[in-house]
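Please keep the sequence and the structure in view while reading.

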Amino acid sequence: GQPLLFDMSFEKDMTLRERKNCIQQMVKVIGLNRRALRPFHLHLCGMVDGGLVEKDFIRELGERAFHQGLFTSTTKPFYEIAPTNELVYLTPDSRCKLLEFDPKAFYVVGGIVDKLMQPGLSLAKAKRAGIKTACLPLDYYLAWRLGSKNLTLDQMMSILISVAEDGDWPRALQHVPQRKIRNPTFAPIGSRSEPQGQRNKRK
Ligand code: SAM
């Protein structure tokens, strides 16, 4: 399967609760991926040997599952897994929209839960490593209603699994929680036709 990298090097940026939450989301990620038609090969990068994230992970998954080969866990940072120009860090703060999913790219997802929102954390890591960044094309396909555009790790996983299957963003973005969307028509905003009533009013 296509590699998918999770940058697990945010140990210091999370409180204990955030870290527990992050691990729970990662357990969901692994389950979602295992049930996918064509699973990704998951790389958990930047793990600290004997670190808090690893310990919590093993506690949550069990020693056996952790070493079962559902994913590769490595202390190597994401930028050592693939050549710089093939890596794309997915970050909500990127100015570049991922309009086309590339089945050859090595996408990186930040393994972080930040309840209090620390914008730019993953963007900074990507910049330091000198790799490309992209955000999901949320504004392009959806009329946003409320809430942050920082999706959870399991939401990210569902979206990536779906878009990797057929490149269909509107289908994939159905995994965005409905409460965040104003008008769930899933048509590009630019091409969406005006409702009949409004058009008449303007004449
Ligand atoms: N402030 C955090 C940061 O700097 O990344 C947000 C963390 S978000 C809860 C967890 C990860 O999911 C992000 O690091 C990113 O990889 C991915 N993610 C969440 N929403 C995204 C979006 N709208 N576009 C691209 N990636 C997103």
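In helix α2 (residues 52–61), the buried residues include Val53, Glu54, Asp56, Phe57 and Ile58. Helices (H or I, at least four residues) and strands (E, at least two) are DSSP runs, numbered from the N terminus. Buried means under 20% relative accessible area, exposed over 50%, and partly exposed in between (1.4 Å probe, protein chains only). The cover over the buried residues of α2 includes α1 (16–35), β2 (41–45) and α3 (63–66). Just after α2 comes glycine 62, which takes a positive phi of about 90°.

The model is predicted, so that local features need pLDDT of at least 70 and side-chain atom pairs count only at pLDDT 80 or more, whereas totals for chains, interfaces and linings use all residues. Residues are numbered from 1 along each chain as its sequence is written, and side-chain values use heavy atoms, with hydrogens and water left out.

In soluble globular proteins, nonpolar side chains tend to be buried together.

Leaving out residues up to four places away in sequence, phenylalanine 6 touches Met26, Val29, Leu42, His43, Leu44, Cys45, Val109 and Met157. Contact here means heavy atoms within 4.5 Å. One of these partners, cysteine 45, is located in strand β2 and counts as buried because its relative accessibility is 0%. Beyond its neighbours within four places in sequence, cysteine 45 is in contact with Leu5, Phe6, Asp7, Met8, Ser9, Thr74, Lys76, Pro77, Phe78 and Ile81. The C-alpha atoms of cysteine 45 and leucine 5 are separated by 6.7 Å, although the two residues are 40 residues apart along the chain.

Strand β4 (residues 87–90) contains leucine 90. How are the two faces of this strand arranged? In a regular strand the side chains alternate between the two faces of the sheet. Both faces of β4 are covered, with Leu87 and Tyr89 buried on one side and Val88 and Leu90 buried on the other.

Strand β4 runs parallel to strand β5 (residues 106–110), and four bridges join them. Within this pairing, leucine 87 has phenylalanine 106 of β5 as its bridge partner. β4 also pairs in the parallel sense with strand β6 (residues 132–134), over three bridges; there, tyrosine 89 is the bridge partner of threonine 133. Two strands pair if DSSP finds at least two bridges between them.

Leucine 90 has a relative accessible area of 6% and is therefore buried. Neighbours within four places in sequence aside, leucine 90 is in contact with Leu98, Tyr107, Val108, Val109, Ala134, Met156 and Leu160.

**Two further residues**

Serine 158 is in helix α6 and is buried because its relative accessible area is 14%. Residues up to four places away in sequence not counted, serine 158 touches Leu32 and His175. Methionine 117 lies in the loop between β5 and α4. Its relative accessible area is 40%, so methionine 117 is partly exposed. Methionine 117 has a positive phi of about 60° although it is not a glycine.

**Pockets**

A pocket is an open set of points on a 1 Å grid over the protein atoms alone where a 1.4 Å probe fits, with protein on both sides within 12 Å along at least five of seven lines; lining residues have an atom within 4 Å of a point. Grid points are joined across faces, edges and corners, and a volume is the space filled by probe spheres set on the points. Ala, Val, Leu, Ile, Met, Phe, Trp, Tyr, Cys and Pro count as nonpolar, Asp, Glu, Lys and Arg as charged, and the others, Gly among them, as polar.

| Pocket | Volume | Lining residues by class |
|---|---|---|
| Largest pocket | about 730 Å³ | 17 nonpolar, 10 polar, nine charged |
| Second largest pocket | about 150 Å³ | eight nonpolar, two polar, two charged |

The largest pocket is lined by 36 residues, and Pro92, Lys149, Asn150, Leu151 and Thr152 lie nearest its centre. The elements that give two or more residues to this lining are β4, β5, α4 (121–129), α5 (138–141) and α6. With three residues, α6 gives the most to the lining of the largest pocket. Among the residues that line the second largest pocket are Gly1, Ala36, Phe101 and Glu165.
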